[in-house]
Amino acid sequence: MKITLLGTGDAPGTPIIGCDCRTCRDARNGGKSNRTRFSVLVETDEGKVLIDTSPDMRQQMLSRGIKHIDAVIWTHGHYDHYTGFGEFHRVQSHVDVYGVTDTLDYILDYVSFLKPRRHDVIPGEPFEIIGLEFTVFEVNHPPVEKAIGVIIREGDRKVVISGDTDNNIPEKSLELIMDPDLFIVDAIIPDDVGFHVKKHMDAKEATEMAEKIRAKEVVMTHLSHYYKPHEEAVATFPLGYDGMEFIF
Ligand SMILES: [Zn+2]
Ligand SMILES: [Zn+2]
Ligand SMILES: [Zn+2]
């Protein structure tokens with residue numbers, strides 16, 4: 001399988017409209033600080049699955065030459081994770097969409113005009129798409145009641161995407177996500193900015209979580225402009241960037 005981080009930004013993306021900080025300036029100058037909103041592409045010879053449909057989905061598909069998506073898995077119903085689905089208008093209809101019932105109820109109300117094919121999934125119960133085994137697990141992202149992360153398995157390889165979450169991931173989920181080859185983790189801010197963001201992990205918490213679940217490789221995502229410009233920040237943190245690929 002191949003995993004591509006299509007979008008590694010937090011909700012407003014980087015640069016933020018109207019912001020002139022060093023990181024946003026680096027983003028405008030074409031640096032890797034330029035971060036579109038969250039989405040991950042999972043590919044095999046059998047097809048392509050999107051984890052979340054970023055508001056920047058159209059731009060992401062065009063810039064990566066993606067012609068067709070076989071399925072979408074939504075982690076939760078926050079604006080920055082699903083609204084790009086509308087960009088399938090007159091491009092693709094009847095897309096297979098997966099998520100927990102609460103999330104599908106909420107999102108499908110907004111995108112019903114595209115007639116997606118609904119697949120309700122249950123945390124801990126595996127399902128197969130494009131020859132891969134997917135399992136969703138509950139995370140903690142209040143006030144969203146049922147936010148999830150995603151486990152992807154192919155043979156003995158295992159990739160875990162945390163989704164948006166703080167570090168109170170339920171015990172049952174921790175058991176499911178142990179020992180991944182790759183952990184793609186929400187780390188919205190570095191740990192030295194003097195404040196904490198609720199609902200997400202900072203880089204320190206994300207690092208501790210990665211150690212707790214014995215991740216072999218870690219990449220941080222859902223990143224805000226509070227990190228230093230990318231090339232400086234990567235000296236300290238394993239930050240992802242838009243277009244970063246992992247092949248297993
Ligand atoms: Zn988010
Ligand atoms: Zn900024
Ligand atoms: Zn969220």
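This is a predicted model: local features need pLDDT of at least 70, side-chain atom pairs count only at pLDDT 80 or more; totals for chains, interfaces and linings use all residues.

I started with Thr236, which counts as exposed because its relative accessibility is 58%; I use buried for under 20% relative accessible area, exposed for over 50% and partly exposed in between, with a 1.4 Å probe and protein chains only. Thr236 lies in the loop between helix 7 (230-233) and strand 13 (244-247). Helices (H or I, at least four residues) and strands (E, at least two) are DSSP runs numbered from the N terminus. I also checked Thr236 against Pro190: they are 46 residues apart along the chain, with 9.5 Å between their C-alpha atoms.

Residues are numbered from 1 along each chain as its sequence is written, chains are lettered from A and ligands numbered from 1 in the order in which they are written, and side-chain values use heavy atoms, without hydrogens and water.

Next I looked at Thr44, in strand 2 (residues 39-44). Thr44 counts as buried because its relative accessibility is 19%. Its side chain reaches the backbone oxygen of Ile130 at 2.8 Å. Beyond its neighbours within four places in sequence, Thr44 is in contact (heavy atoms within 4.5 Å) with Met1, Ile130, Leu132 and Glu154.

- I found a cis peptide bond joining Thr14 and Pro15, with omega about 5 degrees; Pro15 is in the loop between strand 1 (2-7) and helix 1 (22-28).
- I found a cis bond joining Pro142 and Pro143 too, with omega about 10 degrees; Pro143 lies in the loop between strand 8 (132-138) and strand 9 (148-154).
- Asp52 is not a glycine, yet has a positive phi of about 70 degrees. I place Asp52 in the loop between strand 3 (47-51) and helix 2 (57-63), and at 0% relative accessibility it counts as buried.
- Lys115, also not a glycine, has a positive phi of about 45 degrees. I place Lys115 in the loop between helix 4 (101-111) and strand 6 (117-120), and at 52% relative accessibility it counts as exposed.

Last, the whole chain. I get 7 helices and 13 strands, and a C-alpha trace spanning about 45 × 40 × 35 Å along its principal axes. Of the 248 residues, 56% are buried. Of the contacts with a separation of 6 or more, 58% are between residues 24 or more positions apart.

Key. A polar contact is a pair of N or O atoms within 3.5 Å; within protein, one must be able to donate a hydrogen and the other to accept it, and residues adjacent in sequence count only if both atoms are side-chain atoms.
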